[in-house]
Amino acid sequence: MTFYQQQVLKFKNELYPHESLCQQVVQAKRFMDSQLDNNLTLDAIAQEASVSKFHFIRLFKKLYGQTPHQYLILVRIAKAKQLLRTNNSIKDVCFAVGFDSTSSFTGLFKKITGSTPTVYKNRQNLRS
């Protein structure tokens, strides 16, 4: 059993004892991870979990400690950081990780990392 699976089981037992609902949320999280580059809606993600979107938000937050939207943003920014270390342009990275506009991507990137994608990319290029 992987560390990830152990953590999910630990949280499930502590926070939510209904195994089938936890599995549905985990399945929806996997769906989110596999669809990062697409425009995901809360309705589509909740449908993957077979629950209402409001119930899904509550379950996801209880299981992972953050809302699905917060999780998706953090995962997308982490993926963007990886892609910015390559020769991809900021615009290409923005769309590759599922953002609709470079301005929202730049704003969220700066809010989470403390620097703009351009500054981050330039720093990474200086290190290599």
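How many salt bridges does a search of the whole structure find? The search finds two. A salt bridge here is a side-chain nitrogen of Lys or Arg within 4 Å of a carboxyl oxygen of Asp or Glu.

1. Basis. This is a predicted model: local features need pLDDT of at least 70, side-chain atom pairs count only at pLDDT 80 or more, and totals for chains, interfaces and linings use all residues. Residues are numbered from 1 along each chain as its sequence is written, and side-chain values use heavy atoms, with hydrogens and water left out.

2. Fold. The protein chain has eight helices and zero strands. Its elements, read from the N terminus, run α-α-α-α-α-α-α-α. Helices (H or I, at least four residues) and strands (E, at least two) are DSSP runs, numbered from the N terminus. Along its principal axes, the C-alpha trace spans about 50 × 30 × 20 Å.

3. Domains. The protein chain splits into domain 1 (1-65) and domain 2 (68-127). These bounds come from an automatic or database domain assignment. The C-alpha centres of the two domains lie 24 Å apart. Domain 1 puts 13 residues into the contact, and domain 2 puts in 10. Contact means heavy atoms within 4.5 Å.

4. Interface. About 930 Å² is buried between domain 1 and domain 2, with carbon and sulfur atoms giving 68% of that area. Buried area is the accessible area (1.4 Å probe) that two parts lose on being put together, summed over both. Helix H2 (19-34) and helix H4 (53-64) each supply at least two residues of the side of domain 1 that touches domain 2. By class, that side has seven nonpolar, three polar and three charged residues. Nonpolar covers Ala, Val, Leu, Ile, Met, Phe, Trp, Tyr, Cys and Pro; charged covers Asp, Glu, Lys and Arg; the others, Gly among them, are polar.

5. Polar terms across the interface. The rule finds zero salt bridges between domain 1 and domain 2. It finds four residue pairs in polar contact (both at pLDDT 80 or more). A polar contact is a pair of N or O atoms within 3.5 Å; within protein, one must be able to donate a hydrogen and the other to accept it, and residues adjacent in sequence count only if both atoms are side-chain atoms.

6. The side chains of Asp 33 and Lys 29 meet at 3.3 Å, N to O. Why are Asp 33 and Lys 29 separated by about one helical turn? Because they are four residues apart in helix H2.

7. Annotation. An unreviewed UniProt entry carries "domain: HTH araC/xylS-type" over residues 26-123. Such annotations may be inferred rather than shown by experiment; positions are given in the numbering used here, and feature names are shortened. Over residues 26-123 the chain is 73% helix and 0% strand. The end C-alpha atoms of that stretch are 36 Å apart.
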